[in-house]
Amino acid sequence: MQDSFDATTLIFLALAVFVIWRLRSVLGQKTGTERSPFRPVERNRTEPPAAGRGEGDNVVRLPGADRGQAGAAVQTATRDWRGIAEPGSAVARGLEQVVQAEPAFEPRAFLEGAKGAYEAIVIAFAKGDRKTLRALLSREVCEGFERAISEREKRRETVETTFISIDKAEMVAVEVKNRVAQITVRFLSNLITATRDADGKVIDGNAETGVEVPDVWTFARTLGSRDPNWQLVATDAGG
């Protein structure tokens, strides 16, 4: 009976830890009404990071990078672009190129992973979590984020943000050059966010009212590489 009780207790403790982790994942980033939170690094494009960078760190793995599920059935599924790209569009042609290199790539799963990466990066930027950012961003983009964090810290400002929802995540461009895939995703999120000065006064945003925030981010990865991780290589504010 005691063993059964202990096992049940452990299960509920594990569930509690998971719920707390999800609640913490809604804490985040500085922004203003109808404005991207990432102005310091707008249009900060760079080459994708070298394979293996960030290995062992807190890396968000966007689904679709696995190479172990090649086969006709998987290939047929990934070529159904309904709801992702219009037939014959540039996005559809780009997705075909990705699938040719990695038949297991699944764009719908990629978009779900991209939303997770978006939220994780917003959170890390707001909290000044440089370690997480270095794992998720290309070197040049990360340097821009870190500069913005350092400037904020010098001003002794703090950021409070709550994710209400990510209302949209859609592919707007897919390119493959020299086996390097770049997928651009337009996000539309709903956030409650405020920046406070050293005295705790709100100096930007609103601590009670949510705003829609548009962002256009580009993720990159070398197709066929052993490293399955996609990293953020460009950010852009966009409607």
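Start with the buried residues of α6: they pack against α4 (107-127), α5 (130-136), β1 (158-177) and β4 (231-237). Contact here means heavy atoms within 4.5 Å, and buried means under 20% relative accessible area with a 1.4 Å probe, protein chains only. Helices (H or I, at least four residues) and strands (E, at least two) are DSSP runs, numbered from the N terminus. Bear in mind that this is a predicted model: local features need pLDDT of at least 70, side-chain atom pairs count only at pLDDT 80 or more, and totals for chains, interfaces and linings use all residues. Residues are numbered from 1 along each chain as its sequence is written, and side-chain values use heavy atoms, leaving out hydrogens and water.

Now select 139-154, the whole of α6. Its buried residues include Phe145, Ile149 and Arg152. Step past the helix to Arg156, which has a positive phi near 60 degrees.

Next, pick β2 (180-196). Why call this strand largely enclosed by the rest of the structure? Because 13 of its 17 residues are buried.

Show its neighbours. β1 and β2 pair in the antiparallel sense over 17 bridges (strands pair if DSSP finds at least two bridges between them), with Thr158 opposite Arg196. The two form a hairpin with two residues between them, and Asn178 in the turn has a positive phi of about 55 degrees.

On to β3: β2 pairs with β3 antiparallel over 16 bridges, and Arg186 has Val216 as its bridge partner. Five residues separate the strands of this hairpin, and Gly200 in the turn has a positive phi of about 85 degrees.

Key
Expected span 1.5 Å × (residues − 1). Buried < 20%, exposed > 50% of the residue type's maximum accessible area, 1.4 Å probe, protein only.
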